[in-house]
Amino acid sequence: MTSIPDTVDVLIVGGGPAGAICAGLLARQSLRVLLVDDGRPRRASEQETILPAARTALARVGVHDAVLAAAAPDRLRHLAIWGGPTMVAQPAAEPGLRLHRPTFDAGLRRWAVDCGVVLLSSCSPAAPLPPSGRVRLRFAGGCFADVEAGCVVVAAGRSGGPSPAPVLVAGPETAAFCVRTSAVPEFAEAAVIEAVPDGWLWWIPAGDGSGVLSVLVDTAVVAAEGSRTVLARALQSATGPARQVANVRLLHATRATARLRRGTDALLRLGDAIATVDPLSSQGVEKAIASADQAAAAIATLLSESADAGGILTAVWRWERDLWRAHAATAAAFYRQEERFAEQPFWRARRVPSPTVLPDPPADLPLHLASDATAATTWRRHERRLVAADGLTRPGLDDVLTHVRFVPVPPVAAAFTVPRTLAAGVAEAGRDPRLFVLPPRAVLDAALVLWRQGLLIPAATAVARR
Ligand SMILES: Cc1cc2nc3c(=O)[nH]c(=O)nc-3n(C[C@H](O)[C@H](O)[C@H](O)COP(=O)(O)OP(=O)(O)OC[C@H]3O[C@@H](n4cnc5c(N)ncnc54)[C@H](O)[C@@H]3O)c2cc1C
C-alpha cells in the first residue's frame with residue numbers, strides 16, 4: 001500500500017496523459033510530486049492514435065521512449081473518404097502510435113512512478129482547490145487524508161475536474177458517440193475517417209475481432225431529432241466500414257466540443273482541463289503532453305521564484321490559447337475541404353471562412369511604431385524553466401510579443417520610432433548587435449508580424465493620432 005505524504009512540492013489532480021507526464025517531468029527534477037486520479041472510466045474513445053508527426057514533439061519533451069512503451073506501433077492503413085466519394089490512402093513515412101487508452105494511461109502512470117511520483121488511485125480532492133496549501137483527499141472507500149502542497153495543479157480532463165475554469169471560447173457543440181461493432185473483414189487492418197452529411201465517422205479495428213466507431217455529430221441536431229435517428233442515419237449514409245458494421249452497441253456518448261477555458265483564480269490547469277481540441281485532429285494526446293511539458297516548466301519556475309505567479313500563469317495560458325487557436329484553424333481548413341455537404345447543419349457550422357490576412361505594407365509606405373505600443377515583460381520558455389523577457393504590447397492585443405521565432409522584438413520596434421519603410425527599418429534594425437547576427441529575412445518577417453499585430457502602422461496615421 002502507498003503511504004500518503006504529509007507535504008509535497010506539487011499535487012497534480014488527474015492521471016491522464018497530461019497529469020502523468022507533468023508529474024514524471026517534475027519528479028525527474030527531484031521535486032516531490034503527488035498524482036491523484038479518481039479512476040473513473042473515460043468517456044471518450046477507447047482506441048486512439050498518435051500521428052507519426054508527433055514523434056518530434058515527444059522527443060523534444062523527452063518522453064518518446066515512455067510513450068512508445070505504453071503504446072503500440074500503428075500498423076493500420078489510414079484511409080479517408082473526405083472531400084469526395086473516393087476512399088484515399090493517407091501515406092505516412094513511419095508508423096504513428098495506437099493507444100488502447102486504459103493500457104496507455106496505466107503505462108504513463110507507471111512511468112511517472114518510476115520517475116519518483118507518488119500515485120494515489122481512486123482518489124480525488126475536495127473542491128474548491130487552492131493554488132497551494134492544504135488539500136483534503138477523498139478515497140473511494142470513504143476515507144480521507146490531508147496533504148500540504150507547494151503548488152496544486154489540475155489535469156482532470158475535459159470536464160475541468162474540481163474547480164473548473166469558465167469556458168471562454170467554444171467551437172460548435174459536438175457530440176461523440178462511441179460504438180462497438182462487429183469486425184468488418186475488409187477493414188480489419190485499416191483505420192478510416194469518413195465524412196457523412198451528419199458529421200464524420202472514425203473507424204478503428206479493435207484487434208479482438210470487433211471494431212470501434214466514433215460518430216461525431218452536431219449536438220443541436222441530436223437534440224432535435226434524437227440520438228438513435230441521427231446515429232442510424234449517419235451509418236446508413238456511409239460508404240466505408242461504417243456501412244457494413246453489425247451488432248452495433250453504444251458504449252457511451254460524450255461532449256467533444258473544442259473549448260478554451262480561462263481561469264479566474266490562481267490555479268494552473270493543463271491538458272484538456274484548460275483547452276480541448278476538435279477530435280478531428282487526432283492530436284489531443286500530443287497536445288496534452290506538450291501542455292504537460294509547458295506546465296512543468298511553469299511549476300518549476302513558480303516554486304523557485306513565485307514573485308510574479310500571476311505573470312507566469314498568464315504566460316502559460318497564452319501559450320495554451322495560441323496552441324488552441326492554431327488547432328482550430330487547422331480543423332477549420334479540414335472542414336472546408338468537404339464541400340459535398342456544405343448546406344448540412346453540421347458542416348455549415350464548421351465551415352468557417354479562412355481568416356483574412358492583412359496584406360504586406362506597400363514598399364514605399366513609411367511605417368511608425370504605434371503610439372499606444374508599450375514595453376512590457378512576460379515569461380518565456382527557456383529549457384526547463386520560464387524566464388522573464390522584455391517585449392511589446394498595446395491595448396487590445398492581450399499578448400506581449402518578445403520574439404518572432406528567434407528574433408527579439410524590442411530592437412526591431414526601436415528601428416521604427418522614426419518613420420521608415422519596411423526595408424529601411426529592417427536595414428536600420430540590423431545595427432543593433434542582437435539583430436546584426438541574424439538573417440535580414442528573419443528580421444523582415446518579425447517586422448511583418450508587428451505590422452499584422454498593429455504595432456507598426458502607417459506613419460501618417462501615427463502622426464494623426466498624436
Ligand atoms: C471521441 C474522441 C476521440 C478522440 N480521439 C483521439 C485520438 O485518436 N488521438 C488523440 O491524440 N486524442 C484523441 N482525443 C482527445 C484525447 O482523448 C484527449 O485530448 C486527452 O485524453 C487529454 O488528456 P488529459 O490528460 O488532458 O485528460 P484525460 O485523458 O481526460 O485525463 C484526465 C484524468 O483525470 C481524472 N480525473 C477527472 N476528474 C478528477 C478528479 N476530480 N479527481 C481525480 N482525478 C480526476 C480522469 O479520471 C482522467 O484519468 C479524442 C477525444 C474524443 C472525445
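Select strand E15 (residues 199-205) together with E14, where Trp202 of E15 is the bridge partner of Ile193, and note that E14 and E15 pair in the antiparallel sense over 5 bridges. Strands pair here if DSSP finds at least two bridges between them, and strands (E, at least two residues) and helices (H or I, at least four) are DSSP runs numbered from the N terminus. The model is a predicted one, in which local features need pLDDT of at least 70 and side-chain atom pairs count only at pLDDT 80 or more, while totals for chains, interfaces and linings use all residues. Residue numbers start from 1 along each chain as its sequence is written.

The hairpin of E5 and E6 has 6 residues between the strands, and in it Gly83 takes a positive phi near 80°.

Now widen the selection to the open sheet of 7 strands, whose order is E6-E5-E14-E15-E16-E13-E17 and whose pairing is mixed. Its edge strands, E6 and E17 (249-255), each pair on one side only. Across E13 (174-182), E14, E15, E16 (210-218) and E17 lies helix H6 (residues 227-236), which runs at about 115° to E16; axes are lines fitted to C-alpha atoms, for helices over the stretch in contact, and angles run from 0 to 180 degrees between N-to-C directions.

For the next stop, select Val33, which touches Val8, Asp9, Val10, Ile12, Ala23, Leu26, Ala27 and Val117, leaving aside residues up to four places away in sequence; contact requires C-beta atoms, placed from the backbone, within 7 Å. Val33 is also among the residues that touch the most other members of the largest nonpolar core, which has 77 residues. Helix H8 (residues 284-304) gives the most to this core, with 12 residues. Such a core is a set of buried Ala, Val, Leu, Ile, Met, Phe, Trp, Tyr and Cys residues joined through C-beta atoms within 7 Å, where buried means that 20 or more other C-beta atoms lie within 10 Å of a residue's own.

Finally, colour the chain by its automatic or database domain assignment: domain 1 (7-75 + 94-167 + 260-334), domain 2 (174-255) and domain 3 (367-465). The centres of domain 1 and domain 2, taken over C-alpha atoms, are separated by 28 Å, and their contact takes 8 residues from domain 1 and 11 residues from domain 2.

Definitions and conventions: Buried ≥ 20, exposed ≤ 12 C-beta atoms within 10 Å, placed from the backbone. Contact = placed C-beta atoms within 7 Å.
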